[in-house]
Amino acid sequence: QVHLVESGGGLVQAGESLRLSCTASENITKINAMAWYQQAPGKPRDWVAFITGGGTTDYKHSVKGRFTISRDNAKNTVYLQMNSLKEEDTAVYYCNAGQAYGDRFYYGASWGQGTQVTVSS
């Protein structure tokens with residue numbers, strides 16, 4: 001089972017940017033797809049974006065044009081560049097190793113500890 005470690009969260013003001021990182025314990029080229037999720041207080045965990053091994057990406061509607069998911073296979077790391085942050089982006093962000101078919105991501109069993117992103121007005 002792959003071990004995932006997220007980092008890069010913090011406290012920022014609305015309109016600013018953050019880049020999250022997710023480093024896997026194994027070669028991510030062997031993983032069909034990687035994704036980021038967000039969980040706001042009192043809400044269920046919600047999918048944000050995924051990237052396949054071939055580089056195909058898809059995003060939750062509310063983050064399209066602001067967030068960019070990317071991967072560095074040599075570092076076994078997936079990134080989430082978050083620009084023009086809004087208060088509603090405040091959440092704990094988790095990455096996941098799973099599978100993607102078409103525009104759907106199917107999460108796997110492994111979750112990291114998450115990284116907190118707080119956006120103030």
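Reply: The questions below concern a predicted model.

Me: Why is Asn76 called buried?

Reply: Buried means under 20% relative accessible area. Asn76 has a relative accessible area of 19%, and therefore it counts as buried. Asn76 lies in the loop between strand E7 (67-72) and strand E8 (77-82). Its phi is positive, about 50°, although Asn76 is not a glycine.

Me: What makes Ser84 partly exposed?

Reply: The relative accessibility of Ser84 is 40%, so Ser84 is partly exposed. This residue belongs to the loop between E8 and strand E9 (91-101). Ser84, a residue other than glycine, also has a positive phi, near 50°.

Me: How do you know that Gly102 is exposed?

Reply: Exposed means over 50%. With a relative accessible area of 71%, Gly102 is therefore exposed. Gly102 is placed in the loop between E9 and strand E10 (104-106). From Gly102 to Thr56 there are 46 residues in sequence and 9.5 Å in space, C-alpha to C-alpha.

Me: What makes a set of residues a nonpolar core, and which members of the largest one touch the most other members?

Reply: Such a core consists of buried nonpolar residues, among them Leu, Met, Trp and Tyr, joined through side-chain atoms within 4.5 Å. The largest nonpolar core has 28 residues, of which Trp36, Leu80, Met82 and Tyr93 touch the most other members. Strands supplying at least two residues each include E7, E8 and E9. A second, separate core has 6 residues, including Ala35 and Phe50.

Terms used
Residues numbered from 1 in each chain as written. Predicted model: local features only at pLDDT ≥ 70, side-chain atom pairs only at ≥ 80, totals over all residues. Heavy atoms only, no water. Helix = DSSP H or I, 4+ residues; strand = E, 2+ residues; numbered from the N terminus. Buried < 20%, exposed > 50% of the residue type's maximum accessible area, 1.4 Å probe, protein only.
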